[in-house]
Amino acid sequence: MSKKKVLIIIDGLEENENEFLVDVLKKDVKNTSIGIDEKIVDTGVNGFKSESLICILNILGYPANIYKIYERAYFESIARGYSKLEKKTILRCNIVKISDNRLIDFTGGISKEIGKMLIDRIQETIPYIQHCSSYKNLIFLDEPYQYIKSIQLPPPHFSIGKVIDNRNDRNIITEIMDKSRKIFSDLGYTNLLLWPWGASKKTTLPSFYIKHGLKAAVVSGIDLVKGIGKVLDMVVPNIDDATGDIDTNLENKLEMTLKLLKEKDFILLHINGCDEAAHRKEYDKKIMFFNRIIKVVIEPLLSEVDNNFEVIVGSDHITNSVTGEHADGKVKFIGFKVK
Ligand SMILES: [Zn+2]
């Protein structure tokens, strides 16, 4: 019988494709009965950006050039429990800050509490918006996907300094922007507005069990990866204090992984913080968090590797701490199993 597998994906761990941070784990194996298997892998898909949705689905056997995969908002909606999305176009929607009619902050520069309050208030006028966390929201529209895709805004994090469009053609996107600007301003928050982008729609994929014949589960703190698990019909438990950043509760994630291993054949354990630190250009914090992952998650798991299960560790894509951005390139996966 083949062994159970724990696949640990450390989001954005690698800095480049010449030197792999994951290599440090090879020094960590004290148990001489454990064999190491290294693979350098191209997790990206030709024609698609190197980002978690595309790369993780590719690693799981669903390449975007074969399966039709829409943007992240659909997966995030599924993770948050929204249903009946067959006819909806779903967008991500940031609260952003502008100055002199230019975008200056794609996070709005607001606290979590203010973000929630602003969306609570705006729901009276724009009922199809749903708050996620701080500046992040989702909107659900009835207009066709292709149409919304043609009028939506570009990703806000790539639009810093851009002039807010003052075109005369009015549509639902400009209406959302204008209405939000007025409502936020009336509440005393001038220069904030809603920025709808990343149009998405229902994505249908064969279940992980149908594709691989394995009973599977996902342990993750972020909506995107939880949504991937749900779309693939994997078990997706909620983890207490899993924040998706470097302050996450790794102990709880390990505990859940060990619990799920008793009944499942395959566990995807996703840990996001390194990617977030790299986007903030905080290399030291990225490495400190990686060291904590090794101590709290990987070493205890490796000490339990036996004839029943193996552990594979790698990254979904490169996130470089100098540029603060993802980059194309290969990453390394290291497998640990009893010889
Ligand atoms: Zn990232």
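My entries below go from the domains to single strands and helices.

**Ground rules.** I am working with a predicted model, where local features need pLDDT of at least 70, side-chain atom pairs count only at pLDDT 80 or more, and totals for chains, interfaces and linings use all residues. I number residues from 1 along each chain as its sequence is written.

**Domains.** I started with the domain assignment (bounds come from an automatic or database assignment), which gives domain 1 (4-66 + 205-338) and domain 2 (78-200). Their C-alpha centres lie 31 Å apart. For contacts I used C-beta atoms, placed from the backbone, within 7 Å. On that count, five residues of domain 1 are in contact with four residues of domain 2.

The unreviewed entry carries the annotation "domain: Metalloenzyme" over residues 179-333. I note that UniProt positions are given in the numbering used here, feature names are shortened, and annotations may be inferred rather than shown by experiment. In the model, the end C-alpha atoms of that span lie 48 Å apart, and the span is 41% helix and 22% strand.

Buried means 20 or more other C-beta atoms within 10 Å of a residue's own, exposed means 12 or fewer, and partly exposed is in between, with C-beta atoms placed from the backbone. The core has 85 residues, and Ile8, Ile10, Ile56 and Val313 touch the most other members. Both domain 1 and domain 2 give residues to this core, so it lies between them.

**Strand S1.** Helices (H or I, at least four residues) and strands (E, at least two) are DSSP runs, numbered from the N terminus. S1 covers residues 4-10, and five of its seven residues are buried. Which strands does S1 join by six bridges? I count two strands as paired if DSSP finds at least two bridges between them. One partner is S10 (residues 309-314), running parallel to S1, with Lys5 opposite Glu310. The other is S9 (residues 266-271), also parallel through six bridges. There, Ile8 has Leu269 as its bridge partner, and Ile10 stands opposite Ile271.

**Strand S9.** Six of the six residues of S9 are buried, so the strand is largely enclosed by the rest of the structure. Phe266, Leu268 and His270 point one way, while Ile267, Leu269 and Ile271 point the other. S8 (residues 216-219) also runs parallel to S9, through four bridges, and Ala217 pairs with Ile267.

**Helix H1.** Is H1 (residues 52-59) enclosed or open? Eight of its eight residues are buried, so H1 is largely enclosed by the rest of the structure. Its buried residues pack against S1, H2 (72-79) and H7 (223-231). Leaving out residues up to four places away in sequence, Ile56 touches Ile9, Val225, Ile228 and Asp316. Just after H1, Gly61 takes a positive phi of about 100°.

**Helix H3.** In H3 (residues 112-122), the buried residues are Gly115, Leu118, Ile119 and Ile122. They cover an arc of only 95° around the axis, which puts them on the same side of H3; the arc is that of the directions from the helix axis to the C-beta atoms. Exposed Glu113 and Asp120 sit on the face turned away from the buried side. The buried residues pack against S3 (89-99), S5 (129-133), S6 (136-141) and helix H5 (172-186).

Terms used:
Two residues are in contact if their C-beta atoms, placed from the backbone, lie within 7 Å. A nonpolar core is a set of buried Ala, Val, Leu, Ile, Met, Phe, Trp, Tyr and Cys residues joined through C-beta atoms within 7 Å.
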